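Me: I'd like a close look at one part of this model, taken slowly. Here it is.

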Amino acid sequence: RKNDIQMKFCMQTLRELKKSKYKDINFPFLQPVDYVALNIPDYPKIIKHPMDLSTIEKKLNEGDYTTPEEFEADIRLMFNNCYTYNPPALPVHNMGKQLEKVFDEKWKD
Ligand SMILES: Cc1ccc(Nc2c(-c3ccc(O)cc3)nc3c(C)cccn23)cc1
């Protein structure tokens, strides 16, 4: 059915972002931000709705998204969290911008 095809495209897009060819720019997004390991204890005070690619994949597999728009909203949340927390001067800010460009290219068809 139409919706199944749309959700398959979400998974296809997610898989693209995780590809090793983007390993230099996707690694901060593959797992939840480990603010203890990264020594950024203020992170949970600033970012109220953390999101990452492994959580999005889990939600896709568990059927938590009913529309592609819900999937896209979590992708955008992940990148916006990165831009909120990491000032433009930090490399990880630009990694988010680069990976979001990969997403935009694939998502817009
Ligand atoms: C002192 C300091 C400053 C900035 C960071 N940012 C950061 C983030 C990050 C990603 C998404 C996000 O929403 C917030 C943070 N991921 C990393 C990684 C994987 C390595 C190094 C820095 N990283 C870490 C430590």
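What covers the buried residues of α5?

Reply: Bear in mind that this is a predicted model. The cover over the buried residues of α5 includes α1, α3 (43–46), α4 and α6. As for the helix itself, α5 has 18 residues and spans 26 Å from its first C-alpha to its last, close to the 26 Å expected at 1.5 Å a residue. Its buried residues are P68, F71, D74, I75, M78, F79, N81, C82, Y83 and Y85. On helices in general, there are 3.6 residues a turn, so residues three or four places apart point the same way.

Let's zoom in on F71. Leaving aside residues up to four places away in sequence, F71 touches C10, L14, I56, L60, Y65, F103 and W107. The largest nonpolar core has 25 residues, and F71, along with L60 and I75, touches the most other members. The elements giving two or more residues to this core are α1 (2–18), α4 (53–61), α5 (68–85) and α6 (91–107). In soluble globular proteins, nonpolar side chains tend to be buried together.

Now for two of the covering helices, α1 and α4. They pack at an angle of about 155°, with their axes 11 Å apart. Angles over 145 degrees count as roughly antiparallel, so that is how α1 and α4 run relative to each other. The crossing of α1 past α4 is left-handed. On the α1 side, M7, C10, M11, L14, L17 and K18 take part, meeting L53, I56, E57, L60 and N61 in α4.

How values were computed:
Residues are numbered from 1 along each chain as its sequence is written. This is a predicted model: local features need pLDDT of at least 70, side-chain atom pairs count only at pLDDT 80 or more; totals for chains, interfaces and linings use all residues. Side-chain values use heavy atoms; hydrogens and water are left out. A nonpolar core is a set of buried Ala, Val, Leu, Ile, Met, Phe, Trp, Tyr and Cys residues joined through side-chain atoms within 4.5 Å. Buried means under 20% relative accessible area, exposed over 50%, partly exposed in between (1.4 Å probe, protein chains only). Helices (H or I, at least four residues) and strands (E, at least two) are DSSP runs, numbered from the N terminus. Contact means heavy atoms within 4.5 Å. The expected span of a helix is 1.5 Å times one less than its number of residues. Axes are lines fitted to C-alpha atoms, for helices over the stretch in contact, and angles run from 0 to 180 degrees between N-to-C directions. Angles under 35 degrees count as roughly parallel, over 145 as roughly antiparallel, 65 to 115 as roughly perpendicular and the rest as oblique. A crossing is left-handed if the near helix is turned anticlockwise from the far one by less than a right angle, and right-handed if clockwise.
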